[in-house]
Amino acid sequence: MSKRQVLSALVAAMLCGAAGFWLLTAPAVWHMLRGQTAVAKVSAPRLENGQTLFWAGGCASCHATPDQDDRLRLGGGRALPTPFGTFRVPNLSSDKQDGIGAWSEQAFIRAMREGVSPDGRHYYPAFPFTSYALMGDQDLVDLLAFLKTLPAVPGRIADHDLAFPFSFRRGLGLWKWLNLGSGPYQTQTGQSESWNRGAYLVNGPGHCAECHSPRDVMGGIRTSLRLSGGPDPEGGAGYIPNLTSHDSGLAKWTAEDIAEFLKTGFTPDFDSAGGSMASVIKNMGYLGDADRMGIATYLKSLPPLASNKPAKKAP
Amino acid sequence: MTKINMKTSAVMLLAAGVLALPLLSSPVSAQNDPIASRKAVMKSVGGAMRDPGQMMRGQAPFDLAKVKASLETFVETSGKMSALYPKGSETGGETTASPKIWEAKADFDARLVKFGADAKEALASITDEASFKANFPKVGQNCGSCHEIYRIEKK
């Protein structure tokens, strides 16, 4: 082979590599192969259901304007410090310029299921779309309709402040092939209605696993250890508790204990939750007793997994 | 390098916390050690929440005297707490107090005052089971709303 041939082969290989990367990381390619092209036929938006999903999804916990008490004022702006850099939560209010007021149902469904913005860019998984992907079309249409009833808050939030290579947004395309499943939640026929509702709320809108699971080096949830607790992904030094029925988790809690905790924030020992969970409790307080009991029923059915919490060393 | 140092010091803090555990109930340490002391006070609040909490859940029969005793505890402890977070007690002893307490001490103190005032108001308004069920949750909500901002997860 002449030098010239070697050189052309190298250039060809580089072009193939670049084309492969482009294809693998293109939001449109993921959409074509795994996404959903049309919104399923749904009924007119049901605002009450949208409101329930708003609280179940914990939207206010991240998107509410910080340092004020109105949890329906979704101006965004909260900073989430993480090992990858600082994420800034965007404006989710009904403002047509800066929020989601002008979004179509299809754009919203794609954002929630595929983690892609209306202008076709990947979202970072600090926005828990890998969980929201389980939400059905009707639920998402209802949720968007409810969000559009909330006050418009002007103000575009600055972009995230991340370290390289995480600042390279396109690379998230690869992450999605590893961590993003497709399609809404499928009802398990062998399980009760309450269990199915709980499984949907926990794994879908409630996105419990996002904090209550350990993650791999790429920031993906370690599926085999799902819901067994994990280091605080929001940058705190604490360890988020194990939700499985292991001794290090909820083994001693009854389903009623869990449902009560979600309603009032008090553990069976009458300790009161703090930090992000206190905010979650505020959201869960808006759900009905049946939904909270569904969550409890599902959590109690999880096979016990030992917490991966680093052991306290003896002095 | 910094990371390793932080880890080492975290382990040492944990170890110190474990060592300090048996001292928690000792009155001497409660006087000299604000972290141990505020943990004991928090425990007493949680303990006083048990009776009315069980009544709210229907796990125990309504008992006005017990409710009043718990509310008295809340009034008393809410007045003591602010002093238990002096500067210099931000870390150590496995504390789950958030550093935000010292950044916003005035807001933190105001919340304690509100907790005490709500408990006092409940003492006056709770006369029977119906008024208990209507008015007690407002007192309990103070725990969560303050913990949301000022309590952090255990390591």
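Mentor: The C-alpha centres of domain 1 of chain A and domain 2 of chain A are 22 Å apart. The model is a predicted one, in which local features need pLDDT of at least 70 and side-chain atom pairs count only at pLDDT 80 or more, whereas totals for chains, interfaces and linings use all residues. Residues are numbered from 1 along each chain as its sequence is written, and chains are lettered from A and ligands numbered from 1 in the order in which they are written.

Domain 1 spans 34–184 and domain 2 spans 194–308 of chain A; such bounds come from an automatic or database domain assignment. Each side gives 21 residues to the contact between the two domains, where two residues are in contact if their C-beta atoms, placed from the backbone, lie within 7 Å. On the domain 1 side, at least two residues each come from α3 (47–56), α4 (59–63), β1 (79–82), α6 (129–132) and α8 (172–179) of chain A. Helices (H or I, at least four residues) and strands (E, at least two) are DSSP runs numbered from the N terminus. The largest share of that side, 4 residues, belongs to α3(A). By class, this side of domain 1 has 14 nonpolar, 7 polar and no charged residues; Ala, Val, Leu, Ile, Met, Phe, Trp, Tyr, Cys and Pro count as nonpolar, Asp, Glu, Lys and Arg as charged, and the others, Gly among them, as polar.

The largest nonpolar core has 76 residues, and Met112(A), Leu140(A), Leu147(A), Ile258(A), Ile295(A) and Leu299(A) have the most contacts inside it. Because domain 1 and domain 2 of chain A both give residues to this core, it lies between them. A nonpolar core is a set of buried Ala, Val, Leu, Ile, Met, Phe, Trp, Tyr and Cys residues joined through C-beta atoms within 7 Å. A residue is buried if 20 or more other C-beta atoms lie within 10 Å of its own, exposed if 12 or fewer, and partly exposed in between, with C-beta atoms placed from the backbone. Beyond its neighbours within four places in sequence, Ile295(A) is in contact with Gly198(A), Leu201(A), Val202(A), Ile258(A) and Leu262(A).

Leu305(A) is in the segment after α12 (289–300) of chain A and is buried, with 20 other C-beta atoms within 10 Å. Leaving aside neighbours within four places in sequence, Leu305(A) is in contact with Leu225(A), Ser228(A), Thr244(A) and His246(A).
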